[in-house]
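Trainee: Could you take me through the side-chain pairs and the sheets of a model, giving the general idea each time and then the case at hand?

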Amino acid sequence: MYTVPTREFERRLNLLHSVMDEKKLEAAYIVNPINIAYFIGFYYLQTERPAAVVIRRNGDIYLFVPLLEKDHVLSQTKLVSKMYTYRDYPGEVHPIRLFADWLRELHLDSSTIGYDSLPGYVSYWGYKGPSLTDLLPNAKFVNISDDIYSMRLIKSDAEIELLRESAKWANLAHSLLQDYTAPGMYDYEISLRASLDASIMMKKALGPGYKPLRSEYPAYAGFRGQVGEHGAYPHSISVERPIKVGDALVTGATADVGGYMAELERNLFVGKPSNDVIKYHEIALKLQDAALNVLRPGVKASDVDRAVIKTAKELGVIEYLLHHSGHGLGLEGHEAPFLDVGDETVLRPGMVVTVEPGIYINGLGGFRHSDTVVIHEDYVEVITYYPRDTESLVVEI
């Protein structure tokens, strides 16, 4: 299974209809592109051009989109009852004014409508426009963003299976990344080659029915500029020099399966690692183990981070711990809950999180592993499985 099945969309829409019944809503007005994908399977590349899906209490689904998306909609989803299109933004008549007209046509202009973001459209790429609350003064708008996010927090069996499949291909991409890494090469050279080869293998294996939904490449592996001393910057992005012997590298790999992308991160060591590199790498593993040992249903997200902080203090590296211990994962790369001292969310079966405490030492590098973990009723499942031990992560030269 490489796509979200129809029954999964039916499950999500049923949850939304329950919210609508509870709050006595006639319709839901959804503009967040991730939520649009979540409910109807249409992946909208968000631009200044507004788009919205209107889901009625009676089950009808209407989509408001720019004309250039019409064929995309028809190729991606069969759930839309009727599509309304406009030529472009800002147009002779502003799209949101058209949206208001279409809501009047649907006899929703005096109804109670739930929404997930501003009743209109979010400001993006220079977008400006009126609010539906001003254009439809007789309608009542109710914020249901928290209700929708609560649905997305708990992943279904279908979603978890997509993440497991993603983890398999992330593993392959990372394996190629390690194989292709060599002194004298720039990080992007290695990343492009590994990502391309893994993507070709993935596409050939999964067949013509597969296509990536969130990324240009089906599979990706790279370094994000975390090469050698630049690894001390958690989000380095790029590095101006080639890889050299002695570098500790921070890597990342993933693959897009039905819009779900598991997260796999590791260290690699170019040649025999120094004693300091081995020391901090082993400490990073202990920090990750501290989180994994606490992680289970019924535990607060904050407790996981506190366990890591406690261990970091005991090991004398608290000053190098620059971020929290992980985050939720789903249709977005970062979602709630956050494994952070400030997040009191109680972890529940069906939640999927990354576990990725890291330490960053100026002049030496960064040391972080990230694994994707599914929380079940009575255990946790680590679905990424690339080796973590120092010896397995050495790049032979």
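Mentor: Side chains of opposite charge can pair when their charged atoms come close. In this predicted model, Arg49 and Asp88 form such a salt bridge, with 2.8 Å between the closest N and O atoms. The two residues are 39 apart and belong to distant parts of the chain, Arg49 lying in the loop between helix 2 (33-40) and strand 2 (52-56) and Asp88 in the loop between strand 4 (82-86) and helix 4 (95-105).

Trainee: Is Arg49 buried or exposed, and how does Asp88 count?

Mentor: Arg49 has a relative accessible area of 19%, and because buried means under 20%, Arg49 is buried. Asp88, at 27% relative accessibility, counts as partly exposed.

Trainee: Which residue does Arg152 meet in a salt bridge?

Mentor: The side chain of Arg152 meets that of Glu335, at 3.0 Å from N to O. This pair, too, links distant parts of the chain, with Arg152 in helix 6 (residues 145-153), Glu335 in strand 11 (residues 335-339) and 183 residues separating them. Arg152 and Glu335 are both buried.

Trainee: How should I read the salt bridge between Glu314 and Lys310?

Mentor: The closest N and O atoms of Glu314 and Lys310 are 2.7 Å apart. Because the two residues are four apart in helix 10 (residues 301-314), about one helical turn separates them. Glu314 is exposed, having a relative accessible area of 55%, and Lys310 counts as exposed at 52% relative accessibility.

Trainee: How many salt bridges does the count come to?

Mentor: The count comes to 27 salt bridges.

Trainee: What describes a pair of aromatic rings, and how many aromatic pairs does the structure hold?

Mentor: A pair of aromatic rings is described by the distance of the centres and the angle of the planes. The structure holds 15 aromatic pairs. For Tyr62 and Tyr84, the ring centres are 6.5 Å apart and the planes stand at 55 degrees, so the pair is tilted. Tyr62 lies in strand 3 (residues 61-66) and Tyr84 in strand 4, so that the pair, 22 residues apart, links distant parts of the chain.

Trainee: Are Tyr62 and Tyr84 buried or exposed?

Mentor: Tyr62 is buried, with a relative accessible area of 10%, and Tyr84 is buried, with a relative accessible area of 7%. Both also belong to a cluster that ring pairs build from Tyr62, Phe64, Tyr84, Tyr86, Phe99 and Trp102.

Trainee: Which ring does the charged end of Arg193 sit over?

Mentor: The charged end of Arg193 sits over the ring of Tyr180, 3.7 Å from the ring centre. Arg12 lies over the face of Tyr38, at 4.2 Å from the centre of that ring.

Trainee: How do strands of a sheet pair, and in what order do the six strands of the open sheet come?

Mentor: Strands of a sheet pair through backbone hydrogen bonds, either parallel or antiparallel. Here six strands form an open sheet in the order 4-3-2-1-5-6, with mixed pairing. Strand 4 and strand 6 (140-143) stand at the edges, and because each has a single partner strand, one side of each is left without a neighbour in the sheet. From one strand to the next, the twist averages 20 degrees. Strand 3 and strand 4 pair in the parallel sense over five bridges, and the bridge partner of Pro66 in strand 4 is Tyr86.

Trainee: Which strands does helix 1 touch, and which does helix 4 lie across?

Mentor: Helix 1 (residues 6-23) packs on the sheet and touches strand 1 (27-30), strand 2 and strand 3, its direction making about 70 degrees with that of strand 2. Helix 4 lies across strand 1, strand 2, strand 3 and strand 4, and runs at about 150 degrees to strand 4.

Trainee: How many bridges join strand 13 to strand 14?

Mentor: Four bridges join strand 13 to strand 14 (residues 365-368), and the two strands run antiparallel. Gly358 has Arg368 as its bridge partner in strand 14. The two strands form a hairpin with three residues between them, and Gly363 in the turn has a positive phi of about 85 degrees. Strand 13 (residues 358-361) is covered on both faces, with Gly358 and Tyr360 buried on one side and Ile359 and Ile361 buried on the other.

Definitions and conventions:
Residues are numbered from 1 along each chain as its sequence is written. This is a predicted model: local features need pLDDT of at least 70, side-chain atom pairs count only at pLDDT 80 or more; totals for chains, interfaces and linings use all residues. Side-chain values use heavy atoms; hydrogens and water are left out. Buried means under 20% relative accessible area, exposed over 50%, partly exposed in between (1.4 Å probe, protein chains only). Two strands pair if DSSP finds at least two bridges between them. A salt bridge is a side-chain nitrogen of Lys or Arg within 4 Å of a carboxyl oxygen of Asp or Glu. Rings of Phe, Tyr and Trp (its six-membered ring) pair if their centres lie within 6.5 Å; planes under 30 degrees apart count as stacked, over 60 as edge-to-face and the rest as tilted. A charge sits over a ring if NZ of Lys or CZ of Arg is within 6 Å of the ring centre and within 35 degrees of the ring normal. Axes are lines fitted to C-alpha atoms, for helices over the stretch in contact, and angles run from 0 to 180 degrees between N-to-C directions. Contact means heavy atoms within 4.5 Å.
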